[in-house]
Amino acid sequence: MPDGAERLRVLLVEDDHDLAEVTQAALEFEGLEVAVAHDGREGLLAVDRVQPDVIITDLIMPVLDGLEMIQCLRNGSRAGSPVIALSAVGSRLRAARELGAVEALVKPVHPRELAACARKAWRRAHAP
């Protein structure tokens with residue numbers, strides 16, 4: 001985990017506002033600090049502002065979808081945060097892994113599982 005009492009910072013990118021709100025509350029209940037963006041373009045802008053430890057993104061979104069966002073993250077200067085992809089479409093999850101997502105989970109995902117996955121992704125990214 002981040003140093004001391006600092007909580008893991010997560011950027012949640014989800015276009016369904018209701019689902020984003022519920023997921024944010026559930027992840028915060030699990031002890032994570034959560035910022036929300038509602039499409040891939042907003043997510044990319046939020047990465048610079050939030051400096052998340054982990055990014056959790058839906059894959060099917062308007063404006064810039066999750067696959068395009070992952071590709072932009074990996075090709076740019078923001079490649080440091082591990083990305084967890086969420087989707088109900090299996091072929092998109094496979095594509096997300098191929099683009100560099102460290103995890104690809106089928107929706108719906110229980111918040112406790114998602115929080116554990118975020119912590120695991122952060123630990124793996126910072127292992128010696």
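Predicted model: local features only at pLDDT ≥ 70, side-chain atom pairs only at ≥ 80, totals over all residues.
Trainee: Why is α3 called roughly parallel to α4?

Mentor: Angles under 35 degrees count as roughly parallel. The angle between α3 and α4 is about 5°, so α3 is roughly parallel to α4.

Trainee: Which residues make the contact?

Mentor: From α3 come Leu-67, Ile-70, Gln-71 and Arg-74, and from α4 come Arg-92, Ala-95, Ala-96 and Leu-99. By type, these residues divide into 5 nonpolar, 1 polar and 2 charged.

Trainee: Now the sheet, please. In what order do its strands stand?

Mentor: The order is β2-β1-β3-β4-β5, in an open sheet of 5 strands with parallel pairing. Neighbouring strands are turned by 20° against each other on average, direction ignored.

Trainee: What makes β2 and β5 (103-106) edge strands?

Mentor: Each has a single partner strand, so one side of β2 and one side of β5 lack a neighbour in the sheet.

Trainee: How do you know that β4 (residues 83-87) pairs with β5?

Mentor: Two strands pair if there are at least two bridges between them. Here 4 bridges join β4 to β5, and the two strands run parallel. As one example, Ala-85 has Ala-104 of β5 as its bridge partner.

Trainee: And what joins β4 to β3 (54-58)?

Mentor: Those strands also pair in the parallel sense, over 4 bridges. Ile-56 has its bridge partner, Ile-84, in β4.

Trainee: Why is β4 described as mostly covered?

Mentor: Look at its residues: 5 of 5 are buried. Val-83, Ala-85 and Ser-87 point one way from the strand, while Ile-84 and Leu-86 point the other way, and all are buried.

Trainee: Which helices lie across the strands?

Mentor: Helix α4 lies across β4 and β5, running at about 170° to β4. Helix α2 lies across β1 (9-13), β2 and β3, at about 165° to β1.

Trainee: Let me turn to single residues. Why is Asp-53 counted as buried?

Mentor: Buried means under 20% relative accessible area. Asp-53 has 11% relative accessibility, so it counts as buried. Its place is in the loop between α2 and β3.

Trainee: What lies 2.7 Å from a polar atom of the Asp-53 side chain?

Mentor: That is the backbone nitrogen of Arg-9.

Trainee: Where is His-38 found, and what does it touch?

Mentor: His-38 is in the loop between β2 (33-37) and α2 (40-50). Not counting residues up to four places away in sequence, His-38 touches Glu-14, Asp-15, His-17, Ala-20 and Met-61.

Trainee: How do you know that the side chains of His-38 and His-17 make a polar contact?

Mentor: A polar contact needs a pair of N or O atoms within 3.5 Å, one able to donate a hydrogen and the other to accept it. The side chains of His-38 and His-17 make such a contact at 3.5 Å.

Trainee: How far apart are the C-alpha atoms of His-38 and Glu-21?

Mentor: They are separated by 11 Å, and the two residues are 17 residues apart along the chain.

Technical notes
Residues numbered from 1 in each chain as written. Heavy atoms only, no water. Axes fitted to C-alpha atoms, helices over the stretch in contact; angles between N-to-C directions. Parallel < 35°, antiparallel > 145°, perpendicular 65-115°, else oblique. Contact = heavy atoms within 4.5 Å. Nonpolar A, V, L, I, M, F, W, Y, C, P; charged D, E, K, R; others polar. Buried < 20%, exposed > 50% of the residue type's maximum accessible area, 1.4 Å probe, protein only.
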